[in-house]
Amino acid sequence: PDGDTAYLAALDVEKLRRKGSGIGLDALQASASWIARDCICSRSGKLKPITSPGCPGEMKLSLTQALCTEQGEAIVMFRMVVLRTRDNQDWRALGAPLVLRMDIGGKLVQQAELEKHFAWAVARSPQENPDEGNPVCWGVRVQQVLDFYTDIRDDLDKYCEAHKICLQDGPFKNHHVCAQDPCPFRPINKAKYDDHRGVPFVTAASLLTPGCAEQASVAPLVASTQLVVDRYIRPMTRGSGRSLALTMNQGRPLRCTAFVTHIWSEPFAEFLDTLHTSLDSRDAVFLSCFSIDQNSRTEPRLDSGILDCRSLPSFQAMRQAGKLVIAMDRDFKLLSRVWCDLEIAKARELRIPAFFWPHRGTDLAALEEAISQFDTSQASLSDISDESMLKMSLQESLSLFELQPGFRSSWELDPSSTAARNERFQRFIGDRIMTFARALGQVSDHRDFCSEQLRQMHAEHERKVSMESAMSEHTFRAEVMNGDLQELQQALASRDAEHPRQLDSFRGTLAEAEEKERDRLRIEGLLEAERANSARLAEQAEEKERD
């Protein structure tokens, strides 16, 4: 039609898949939507106009180098699209797509080798035997999380710039305060124009009302994980009954290879920086904000008033994943969260390897000082109703820590005391910090320093420390058992030595009892004879009276 312009679009199939997975579209469906604009992979970043759409011809298109993977290959989809206006959402795809596997780096292997490599990759893939009912299959790839942040970053930054947060106790505590009137995210005071997405908010004018206690109690709004959950993850999954991880990987859930513990108050970008450093972008991980449905609450079971962790999906996933990553924030607030402490304690109790990864700006000396003063009884929880229950579970788990040689609390302290539990926790975290520091010091000496080398060295040091700890604990337990065995043998020998004396005493007592019994029988015989004699005399007396 007149006014329409035809273009050739070169689209990155992998980006199409990731963009569409969040809204339930496959790569082909996403290519027919306006969201495909973000997946254009031409070097210019623009569409290629088709000057003669009705005639055969030849077109040249340069692709961006960002497509090149480690294997030097990429999958590109070519589509004809028609645009009528300059609106970004004006996108109408025509005809069938053309999908090509591009040899960008000139390193593609032959078909036989490709099939062999593909079969090996499938065998090692975390998608093997997926089961959506199993929490360990609620994983999300690190790259998916990074792409998700890329998609929401602009909106997230604008939202934080336009809002503050109210900190004062009262009806508006933790409400987002619109810094402008009208708010850019509610330009018209009608519900259909509201883009706060269910997050409680209040205008700045409302806080300036005379007599209102919240007039000055506002602070900058941090783009934290909690905000990402409230503004993006929860609305995206509302009504689906599924987590964002299962939504993004619908029909092909990922089996987790690592469980990540972190706090939600940390800036999301800083957490992702730590996550990207500690794990490979292809790793499938269990993140509570992505892997658990944020619109439903799982009620934990209680066992004698203590939380039954076996009933919680997060602990089931951690047990099966077999690896814990502790993503420490720059302010060390993770240590003051009951949930995080309980996850660390459970990993120690279950012998799950724990890898400590601090924020890149962390002062390790300051962190060690903070850990030395840490008190598990002071850890807190946002949901006060669950705090006492979780604290009891944390104390129970810390009380089960194995006693180790050189562990002061095992000799001088009551194992169930707060001081003993604190020392156990501090020692475990301190060992993890030392493991990371050694790996970092060893890798930093290399000229070609990279995150992959640090991860490998960290894993090697953690393995050595775990083996040394296991051997040390085994030796210590053997010594304790040998000591108990010696005490038992001494007790048995003492009882064996006392046994003859006890037997003689028993025989004497028995002889005395027999002698007393004989005396009793003799006395009873005498009494019986006396009674018989008395009866005989009485009869004789009666006969005399009759005579």
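This is a predicted model: local features need pLDDT of at least 70, side-chain atom pairs count only at pLDDT 80 or more; totals for chains, interfaces and linings use all residues.
Residues are numbered from 1 along each chain as its sequence is written, and side-chain values use heavy atoms, with hydrogens and water left out.

So, the sheet. It's open, with four strands in the order β8-β7-β6-β9 and mixed pairing. Strands here are DSSP E runs of at least two residues and helices are H or I runs of at least four, numbered from the N terminus; two strands pair if DSSP finds at least two bridges between them. β8 (201-203) and β9 (218-220) each have a single partner strand, so one side of each lacks a neighbour in the sheet.

Now strand by strand. β6 (residues 163-166) and β7 run antiparallel, joined by three bridges. β7 (residues 176-178) pairs with β8 in the parallel sense, over three bridges, and there C178 sits opposite T203. On to β9, which pairs antiparallel with β6 over three bridges, with I165 opposite A219.

Over to the helices. The axes of α11 (residues 338-349) and α15 (residues 418-443) come within 11 Å and cross at roughly 80°; axes are lines fitted to C-alpha atoms over the stretch in contact, with angles from 0 to 180 degrees between N-to-C directions. Who makes the contact (heavy atoms within 4.5 Å)? D341, I344 and R348 of α11, and F425, F428 and I429 of α15.

Technical notes: Contact means heavy atoms within 4.5 Å.
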